[in-house]
Amino acid sequence: MSVLGMPASCTRDLAPDPQECDQLCPLQDSPVRMQQGSPASGQGCTHHFSDAGVPSTEPARRRPTILPLVATMLTARLSRPLSQLPGRTLNFYERENGTRRPLLCSPTSFDSAGQRTYADVVNPAGSKAVLVTGCDSGFGFSLAKHLHSKGFLVFAGCLMKDKGDVGVKELDSLKSDRLRTIQLNVCKSQEVEAAVETVRSSLGDPEKGMWGLVNNAGISTFGEVEFTSMETYKEVAEVNLWGTVRMTKSFLPLIRRAKGRVINISSMLGRMANPARSPYCISKFGVEAFSDCLRYEMHSLGVKVSVVEPGNFIVATSLYSPERIQAIANKMWDDLPEVVRKDYGRKYFDEKIAKMETYCSSGSTDTSPVINAVTHALTAATPYTRYHPMDYYWWLRMQIMTHFPGAISDKIYIH
């Protein structure tokens, strides 16, 4: 039993306030609501925890009545932002000390930064320095401009600075002494070390360190396992995973001195896998594990580590164009071993490419939830461990894929 993804171990010593549960139960107004006991008898709604702190066992005949509603919720493609969900709190009693503790029971905890702050924010004034990787376009480009507007001293790492990329030119056109673009390929140790020296020499007092590092640089690709070359697996991991590790290790001495922040841009596909995305999923699962290990190690040193897990923002970031998808697909087919081509056939291959084209033409066009999440992680006195800027559909899917038995989640979403 879990409450919006909370493991049962977190709630086993807690018992609900019956009156509040009756008032806040999400099934109260449902037409397929499970049968309740008499309020006068004090039974309340039928899905309460028992006195032992574990789910009560209801007669089997009552359970199926809720399945249609659950199925509808899990399969509906809901696009309403999570920020529009009403906040509700359910109080639980702690039996050990007799006190009550609130438990958030709506997804407002996954809202954008503005409504999540529960402590004083860090004032960026005083030229707190932040380095963001992958600022040529997409999230990184928007982040560099946004953090600059918030008063930070921003170092925008750009892969194509030495080639005069249009994104770099636009950032440079701001002509601000608080926004500096630097040539940075996260796969090249020489460029990473040069970036460290550039930042260190630009700080007023290097011993006070650098406030934040945002590991945003990343690449993506697609293709089923047998369609994907080992070179592609290595290329994606080199940027998304090892680039993140390389940047973090190089800048940690400066960040430790400031007791600052490390924010790693992962993905919802760093929490749940997906067919035809194994290179990307592997790299982002690695980022998640690396971030957790780093968070544990940095806690006693005052450095806070957060992970941002965006949903589908492919359209907004222009990650794939139809032309690029076709170019990747054609090269992939040409490079396939003859036995794989023969076993699968071109028709099957083209059907999978068509599905990828459909996926890449969907998603949110508004990147502000991601930008706000990173800003919150940099400015909140107590930032969250993970941020989930995504719509209902992907948030529900992620919870089901990570908490339900595989046989159930596979049936709902994969098969």
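How many disulfides does a search of the whole structure find? The search finds zero, where a disulfide is a pair of cysteine sulfur atoms within 2.5 Å. This is a predicted model, in which local features need pLDDT of at least 70, side-chain atom pairs count only at pLDDT 80 or more, and totals for chains, interfaces and linings use all residues. Residues are numbered from 1 along each chain as its sequence is written, and side-chain values use heavy atoms, with hydrogens and water left out.

**Cysteines**
- A disulfide is a covalent bond between the sulfur atoms of two cysteines.
- The sulfur of Cys135 lies 5.3 Å from the closest cysteine sulfur, in Cys158, which is too far for a bond.
- Cys158 is in no disulfide.
- Cys135 is buried, at a relative accessible area of 0% (buried means under 20%, exposed over 50%, partly exposed in between, with a 1.4 Å probe and protein chains only).
- Cys158 also counts as buried, at 0% relative accessibility.

**Helix H10**
- H10 covers residues 322-335, 14 residues in total. Helices (H or I, at least four residues) are DSSP runs, numbered from the N terminus.
- From first C-alpha to last, H10 reaches 20 Å, close to the 20 Å expected. The expected span is 1.5 Å times one less than the number of residues.

- The buried residues of H10 are Ile325, Ile328, Ala329, Met332 and Trp333.
- They cover an arc of only 130° around the axis, so they sit on the same side of H10. The arc is that of the directions from the helix axis to the C-beta atoms.
- Glu323, Lys331, Asp334 and Asp335 are exposed, on the face turned away from the buried side of H10.
- Helix H11 (338-360) is included in what covers the buried residues of H10; contact means heavy atoms within 4.5 Å.

Key: Helices (H or I, at least four residues) and strands (E, at least two) are DSSP runs, numbered from the N terminus.
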